[in-house]
There are 2 protein chains.
Amino acid sequence: MTRTVYLNGDYLPETEAKVSIFDRAFLMADGVYEVTSVLDSKLIDFDGHAKRLKRSLNALHMDMPMTRDDLLGIHRELVRANDLENGMIYLQITRGAPGDRDFVFPDPETCPQTVVLFTQSKPDLADSPAAKKGIKVVSIDDIRWGRRDIKSVQLLYPSMGKMMAKAQGADDAWMVEDGFVTEGTSNNAYFIKDNKIITRGLSNDILHGITRAAVLRFAAEAQMDVEERNFTIEEAQSADEAFITSATTFVMPVVAIDGKALGNGTPGPRAARLREIYLDESCKAAI
Amino acid sequence: MTRTVYLNGDYLPETEAKVSIFDRAFLMADGVYEVTSVLDSKLIDFDGHAKRLKRSLNALHMDMPMTRDDLLGIHRELVRANDLENGMIYLQITRGAPGDRDFVFPDPETCPQTVVLFTQSKPDLADSPAAKKGIKVVSIDDIRWGRRDIKSVQLLYPSMGKMMAKAQGADDAWMVEDGFVTEGTSNNAYFIKDNKIITRGLSNDILHGITRAAVLRFAAEAQMDVEERNFTIEEAQSADEAFITSATTFVMPVVAIDGKALGNGTPGPRAARLREIYLDESCKAAI
């Protein structure tokens, strides 16, 4: 089936959705994005993503191109048009396509933003086989730019990191800077030790995960404490459990770090419980 | 006049040159570029740019999509089709447009690279008014990723840097990391003190400028020594002269750094001499 995608006001077959070679995202990575999960044809944490989108845009001196309700309307129309039950909606906003390439920002009055949304179907998104098996991560240097709190499309290194992980037979990479874990290639990183969840605190160094915020809120419900602080790979390797969170993996158990198995090498009970709570609560609140 | 641009084998009017929204440069900045100057309808340092392009592609595990001669042919055809006398040719190669968004690299067998080239006309490129007046720079933090030797399209921060410079009434920014100047937003940075040219040494921290290499070769001809080492903003501010180099500014005098005028605030004689030698020699060798 050919997807219907959204591009600058039009709903188009995906093969016809094209942008100018002068688009600033294509030429200089000048764009931001969000990914929202869809379960049972409903949007998970939509307002969290809309708020973070606005934050990313503001940080780059771009405006929200439409109201929250209009944005919601497009998301819903894409779910409908593509008969999407489970999967995600990807949204990207760029500073538009001026008539030529220039480091100087174009005037927003004459250069409208590019707005693109498309769906990705993942029938087993919630009931993921990976969540039952857990994933293996390896550590790599974090050499990304310093504003990782802005969800920009500068994803070349995370993509390279994913390939480095695969080359080592792992599923993903945790990035390390100045000796401490920042985050995964497209997710936040956690470990659990003595019934306490440890994860890095918020700053410009990591993405302010929407799922992260929700999971930390739900921790109390799972009778767990939370401590936000820097941690090393070695400390995480000696943990009882570890996991990642993101909009599309929810809570995903990590069973090995740099070849060292955690516990007995299978998903831990607390991560499984957090995943269950997150999915329950998020589906209840889905719109 | 509508430019003729090159896109994946076709010569097209610029308004028709579009790429898929799934292009990896658009979605995750997975592409590299080069800019080659054109003077008197001839290409400056073409082989230097072709070599660096190959280096950037290799670093990202991408292949050169065509031979040096085919690449030269496209450059020349664009010069001809656009009647380009003075200006530049921009070239970008991306990992292509797979059918969907995925951090995992697509298989090059099924996902051909995207190759784009377009011209920019600058009638006064060599005889630039800015070169007579000199430019003012301000310092900003260098928060870019760690592989600046790869000429990737992750240019969001350099573009932001250009805007930060403009906001301060300056022309460009010099980026500073760990107390030392790395480079300008799209150029290498130099100062001259006691007849010696000081510029940062090559590493992953800066772009390996094609014009930089040529200018350092020509320094002897201008009776100057060269020292490649780290330097601070303060040291550059106390210099006799300063300048930048890039493929499109050649040698461009810097007359103020963070509001501090260098010398009498006008372009110095040595930078002017280096510009002259570079232009003479490069035009002689142009193809």
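This is a predicted model: local features need pLDDT of at least 70, side-chain atom pairs count only at pLDDT 80 or more; totals for chains, interfaces and linings use all residues.
Helices and strands are DSSP runs, helices of at least four residues and strands of at least two, numbered from the N terminus. With these labels, α2(B) gives the most to the lining of the second largest cavity, namely 4 residues.

Rolling a probe the size of a water molecule over the atoms shows where empty space is left. In this model the count comes to 3 cavities of 30 Å³ or more. By class, the lining has 5 nonpolar, 3 polar and 1 charged residues.

The largest cavity holds about 210 Å³ of space. Its lining comprises 18 residues, and Tyr33(B), Arg144(B), Arg148(B), Leu155(B) and Glu183(B) are those that lie nearest its centre. The classes represented in this lining are 7 nonpolar, 6 polar and 5 charged.

Open spaces can be described in the same terms. The second largest pocket contains about 1200 Å³ of space. It is lined by 45 residues, of which Met88(B), Lys162(B), Ser186(B), Thr248(B) and Thr249(B) lie nearest the centre. The lining of this pocket divides into 16 nonpolar, 14 polar and 15 charged residues.

In chain A, Thr36(A) is placed in strand β4, residues 31-39. Is this residue, Thr36(A), buried or exposed? Its relative accessibility is 2%, and Thr36(A) therefore counts as buried, the cut-off being under 20% relative accessible area. Not counting residues up to four places away in sequence, Thr36(A) touches Leu43(A), Ile44(A), Phe46(A), His49(A), His75(A), Gly87(A), Met88(A) and Ile89(A).

Helix α6 of chain A, residues 210-218, is mostly covered, with 7 of its 9 residues buried. The buried residues of α6(A) are Ile210(A), Thr211(A), Arg212(A), Ala214(A), Val215(A), Leu216(A) and Phe218(A).

For chain B, the packing of α6 can be examined directly. Two packed helices are described by the angle between their axes and the distance between the axes. The axes of helix α6 (residues 210-218) of chain B and helix α8 (residues 269-285) of chain B come within 10 Å and cross at roughly 110°. Angles of 65 to 115 degrees count as roughly perpendicular, and α6(B) and α8(B) are therefore roughly perpendicular to each other. At their contact, Thr211(B), Ala214(B), Val215(B) and Phe218(B) from α6(B) meet Leu274(B), Ile277(B), Tyr278(B) and Glu281(B) from α8(B). This contact has 6 nonpolar, 1 polar and 1 charged residues.

With a relative accessible area of 34%, Asp240(B) is partly exposed. Leaving aside neighbours within four places in sequence, Asp240(B) is in contact with Ile192(B), Lys193(B), Asp194(B), Asn195(B), Gly263(B) and Arg270(B). Asp240(B) and Pro108(B) are 132 residues apart in sequence, and their C-alpha atoms are 51 Å apart in space.

Notes: Residues are numbered from 1 along each chain as its sequence is written. Chains are lettered from A and ligands numbered from 1 in the order in which they are written. Side-chain values use heavy atoms; hydrogens and water are left out. Axes are lines fitted to C-alpha atoms, for helices over the stretch in contact, and angles run from 0 to 180 degrees between N-to-C directions. Angles under 35 degrees count as roughly parallel, over 145 as roughly antiparallel, 65 to 115 as roughly perpendicular and the rest as oblique. Contact means heavy atoms within 4.5 Å. Ala, Val, Leu, Ile, Met, Phe, Trp, Tyr, Cys and Pro count as nonpolar, Asp, Glu, Lys and Arg as charged, and the others, Gly among them, as polar. On a 1 Å grid over the protein atoms alone, a cavity is a set of points where a 1.4 Å probe fits but cannot get out, and a pocket is an open set with protein on both sides within 12 Å along at least five of seven lines; lining residues have an atom within 4 Å of a point. Grid points are joined across faces, edges and corners, and a volume is the space filled by probe spheres set on the points. Buried means under 20% relative accessible area, exposed over 50%, partly exposed in between (1.4 Å probe, protein chains only).
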